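The following note sets out some local points for a colleague who is examining the model. Please read each point with the coordinates at hand.

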Amino acid sequence: MPRIAFGLLLAGIAQSALAFDLDQLSAQLGKPEVVRGHFIQEKHLRALPQPLTSRGRFVLSRDQGLLWLLERPLQQDYRIDAQGIARRSEQGWQLVVQQSASAQQNRLFLAVLKGDSSGLRQDFELSLSGSAEAWTLDLTPRSVLLKQVFNAIHISGGALVQRIELQETQGDSTVLRLEDSQPGQALSDAERHDFQK
C-alpha cells in the first residue's frame with residue numbers, strides 16, 4: 001500500500017512539473033521584441049442588436065508600448081505607453097486626458113499583451129489552464145475600482161495572445177481578436193519614430 005501511495009505521489013509531482021504555469025506564460029509572451037498583426041474588435045452593447053466592429057493593425061514593442069492603428073470604420077492612430085494614451089493629430093501625438101478607470105484599462109491592456117503576470121497579479125486573481133500551445137487565462141478583479149468596471153476578463157492564445165474578452169458589470173462586453181500576429185526582432189524606422197514623437 002505505501003508503494004502505491006508513493007507512486008501516486010511521484011506521479012502527482014511529475015504532473016505538476018509538466019504543468020504550464022504563469023511564469024512560463026509570462027516568459028513566452030515576453031520573448032518577442034516586437035509583435036505585429038491585425039485586430040478585429042467587437043463591442044457588444046446591451047442596447048444594440050449588432051456589435052460595433054472596428055478593424056486595424058497593431059505593433060507591440062516590448063520596450064516602447066503599443067501602436068493601435070484603427071483603419072475601419074474610421075482611421076485613427078493611438079499610442080499606449082508608460083505616459084498613457086496618445087492620439088495622432090495633424091500637430092503630432094496628443095495625450096488623451098483619461099479618467100482613472102481608463103488609465104487602469106490601458107495599463108491592464110499592455111500588461112496582458114506583454115505577458116506581465118506580476119502586474120496583473122496586483123489587481124486580479126489569475127487562473128491559467130491549458131498548455132503553451134493552447135492556454136486560457138481568466139482574470140477576476142480584486143480591486144474595488146476594477147470590480148466596478150469588469151466582472152471578468154478571459155484571455156486565450158498560443159505562442160502569442162489571440163483573443164481577449166472583457167465582460168463588463170453593466171452587461172456589455174468587448175471581444176478583441178488578434179489575427180495573424182507575427183513576432184519580430186526590431187521596430188521599423190517609421191515605428192520607432194512613432195514611439196519617440
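**Notes on local geometry and packing**

1. Arginine 88 stands opposite tryptophan 93, a residue of strand 6. The structure discussed here is a predicted model. The pairing between strand 5 (residues 84–89) and strand 6 (residues 92–95) is antiparallel and runs over 4 bridges.

2. A cis peptide bond deserves attention: arginine 72 and proline 73 are joined by it, with omega at about 5 degrees. Proline 73 belongs to the loop between strand 3 (65–72) and strand 4 (76–81).

3. Threonine 174 is part of strand 11 (residues 173–184). Its relative accessible area is 8%, and because buried means under 20%, threonine 174 is classed as buried. Leaving aside residues up to four places away in sequence, threonine 174 touches Gln41, Glu42 and Lys43, and also Ile164, Glu165, Leu166 and Glu168.

4. Phi of aspartate 180 is near 40 degrees, a positive value in a residue other than glycine. How accessible is aspartate 180? The relative accessible area of aspartate 180 is 48%, so the residue counts as partly exposed; the exposed class requires over 50%.

Technical notes: Residues numbered from 1 in each chain as written. Predicted model: local features only at pLDDT ≥ 70, side-chain atom pairs only at ≥ 80, totals over all residues. Heavy atoms only, no water. Pairing = 2+ DSSP bridges. Helix = DSSP H or I, 4+ residues; strand = E, 2+ residues; numbered from the N terminus. Buried < 20%, exposed > 50% of the residue type's maximum accessible area, 1.4 Å probe, protein only. Contact = heavy atoms within 4.5 Å.
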